[in-house]
Amino acid sequence: MPVCGIVAYVGHQEAWPIILEGLRRLEYRGYDSAGIAVVDSSGEIQFRKTVGKVGGLDTSDPADSLATPAFLQGSVGLGHTRWATHGRPSDANAHPHTDCHGRIAVVHNGIVENFLELKTSLQEKGHQFYSETDTEVITHLLEEGMELGLSFEDAFRHMGKQIRGSQAITATQEGHGGKICAMRLGHAGGIVIAHRDGQGIVGSDLPALLPLFRHESTVNGVGFLESGQMAVVTREGATYWDLDGLPIEKETRTISPEDIIIDRGGYRHFMLKEIMEQPQAVASAMRERVNFQDGRVELPDMPLSIDEIRDLRRVVLIGCGTSLHAAQVGRHLIETLSGLPAEAESASEFRYRDPYIDDKTLVVSIGQSGETADTVAAMHLAQEKGARLVTICNAENSQAARLADYTLFMRAGIEIGVASTKTFLASLTTLNILAAYIGQARGAITPEAGKELVDYLARCPGLIGEMLADTEVYRRLAREFYTCSNFLFLGRGINAPIALEGALKLKEISYIHAEGFPAGEMKHGPIALIDRTMTTLALAPKDRMYDKVVNNIKEVKARDGVVLAVVTEGDTQLASQVDHVLYIPDAPENLIPLLTTVPLQLLAYHMAEMRGCDVDQPRNLAKSVTVE
Ligand code: AGP
């Protein structure tokens, strides 16, 4: 199974509303189906499931959607919101799953890699399967263990030793014991646990804890499971164990619920709110890292010494999706500001190569969640090979942050829209800072160049704010193009990754087919697509590649293509040669991507909205992809 959100509760309140609210807060992890199981007052487990979003679980009482349906009253339960990998979204495949007799309820995030062989052997022993999921083998393995006379937690531990793959599992059983067991194996998805005043809550992610701790200023004693650990949570407290049954002294953390509270702040969609928050995101990524007086960047807690930085031989940047595009921009920044050779690669490819990495390689991983399975696995590989590891991520307490030698937090604030926006700009800002820092340490950046970068960085929040002040122009263009079926995005140099990002943004939220290319690649194939029905968005700011992009635009126009160009203010010449223009302020080349991105986000947003798409939760996607 899936990326998925998990919530479980044991205490003295009704479990249903707490779990339901927790699931709503986790919907960014997946929304193909949802389900809740509660141990009722007679000790039996009752289930409610729905295909689609968590909202489908609501009771029929429109006045009180959190009112507990009579048959689901009880103070122990668990719930799940699913992102399907195998087994289509259906009631039967929705979690929680149960055993042959309905005595156990299990929710799961990850993949049981040996599920087919386990399923065959369990079926041979007479177990009845109800779904196509791999998760169901977990319930029957638990049942087997308990039939052998093991306690619930021992059966749970034993089950953990039989399954292969990366996963997070949470389970409860019938009866009046009030017990939740949770386990983490590998790196696909975390488990977080909090306990207070006779109540325990388990979640796949911190927002799951909010229903219980919303009114607290801090939550102490929050435990995060590591791979190969399990927890047993009862009204009395949470205990932690390894898979050999040995107790673990869990180091816990203190969390502020304010850090994870989320609301749309009056905007129609989180995505629009997050686009509008970009000036603050960029400013906050610079806070205490940029010395505007001296024109220098400062990373006081950087663990690599100046000598170690001087000794570096290359930088490898990794990420997935939007974060990969940030890595590709980062490659240009590292090359131009630090003088080191740099490469950018998809983490999902990197992790399965045998990349040449040594202790003179700096690996920089980028990811808003810090939980993307491929990125985390690639970081492990880099670490095994002796690389120094820096991560740029937005989530404190994430796996990436815990793994890296050094974390540069994006500080963009929580991002809920599945399409990454403000975290992309925060990554680009942070990458500029990191590249300049390495450049300073290596003497590759002159004080004048450093000062120019810092001066413009300081202006960026304001410039982005000006671009966001009037979004009517994007809305007008979106109205013109939202019925298109195809789009090409072109850019060169540091803007080639922005073309890829523009195409990704459009396709993921509007479902319009969009491709991004380095513009120089056009004549090697994609130009065959050009005719009067094809719209090309070309990034043509005033930078080193401007003349080249202008030539590429002419090639498109010569074949009757429609061209929408993003150009630098004052560029009236190109404006007269294309069908539509969008202007960005003038800026030095390394900062241009912070500006060219904004019109692409807004166009994608408005086009998706006009097409009636679910902008914040596009089909088939999830915010954190914790399976490979
Ligand atoms: C962004 O719009 C996407 N939804 C997606 O590509 C995302 O960037 C990717 O899954 C990586 O996530 P991360 O940044 O949390 O690692």
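1. An oxygen atom of the ligand lies 2.5 Å from an N or O atom in the side chain of Glu508. The model that shows this contact is a predicted one.

2. How much of the ligand's accessible area does the protein cover? On its own the ligand has 420 Å² of accessible area, and the protein covers 92% of that. The ligand is surrounded by 15 residues. Ser323, Gln368, Ser369, Thr372 and Glu508 are the closest of these.

3. Helix α13, residues 422-441, packs against helix α14, residues 447-469. Two packed helices are described by the angle between their axes and the distance between the axes. Here the angle is about 175° and the axes are 12 Å apart. Because an angle over 145 degrees counts as roughly antiparallel, α13 is roughly antiparallel to α14.

4. On the α13 side, the contact with α14 is made by Leu425, Thr429, Asn432, Ile433 and Ala436. Helix α14 contributes Leu453, Leu457 and Ile464. By class, the residues of this contact divide into 6 nonpolar and 2 polar, with no charged residue.

5. Helix α13 also packs against helix α19, which spans residues 592-610. Their axes come within 9 Å and cross at roughly 170°. In this pair, too, α13 is roughly antiparallel to its partner, α19.

6. Which residues of α13 meet α19? They are Phe424, Leu425, Leu428 and Thr429, and they meet Pro593, Leu594, Thr597 and Val598 in α19. The contact of α13 with α19 has 6 nonpolar and 2 polar residues and no charged ones. Leu425 and Thr429 of α13 are among the residues in the contact with α14, and Leu425 and Thr429 also meet α19.

7. Two points of backbone geometry deserve mention. The peptide bond from His95 to Pro96 is cis, with omega near 0°. Pro96 is found in the loop between β4 (76-82) and β5 (97-98).

8. Asn397 lies in the loop that runs between β20 (388-393) and α12 (399-403).

Definitions and conventions:
Residues are numbered from 1 along each chain as its sequence is written. This is a predicted model: local features need pLDDT of at least 70, side-chain atom pairs count only at pLDDT 80 or more; totals for chains, interfaces and linings use all residues. Side-chain values use heavy atoms; hydrogens and water are left out. Axes are lines fitted to C-alpha atoms, for helices over the stretch in contact, and angles run from 0 to 180 degrees between N-to-C directions. Helices (H or I, at least four residues) and strands (E, at least two) are DSSP runs, numbered from the N terminus. Angles under 35 degrees count as roughly parallel, over 145 as roughly antiparallel, 65 to 115 as roughly perpendicular and the rest as oblique. Contact means heavy atoms within 4.5 Å. Ala, Val, Leu, Ile, Met, Phe, Trp, Tyr, Cys and Pro count as nonpolar, Asp, Glu, Lys and Arg as charged, and the others, Gly among them, as polar. A residue is near a molecule or strand if one of its heavy atoms lies within 4 Å of it. A polar contact is a pair of N or O atoms within 3.5 Å; within protein, one must be able to donate a hydrogen and the other to accept it, and residues adjacent in sequence count only if both atoms are side-chain atoms. Accessible areas come from the Shrake-Rupley method with a 1.4 Å probe; for residues, only the protein chains shown count as cover.
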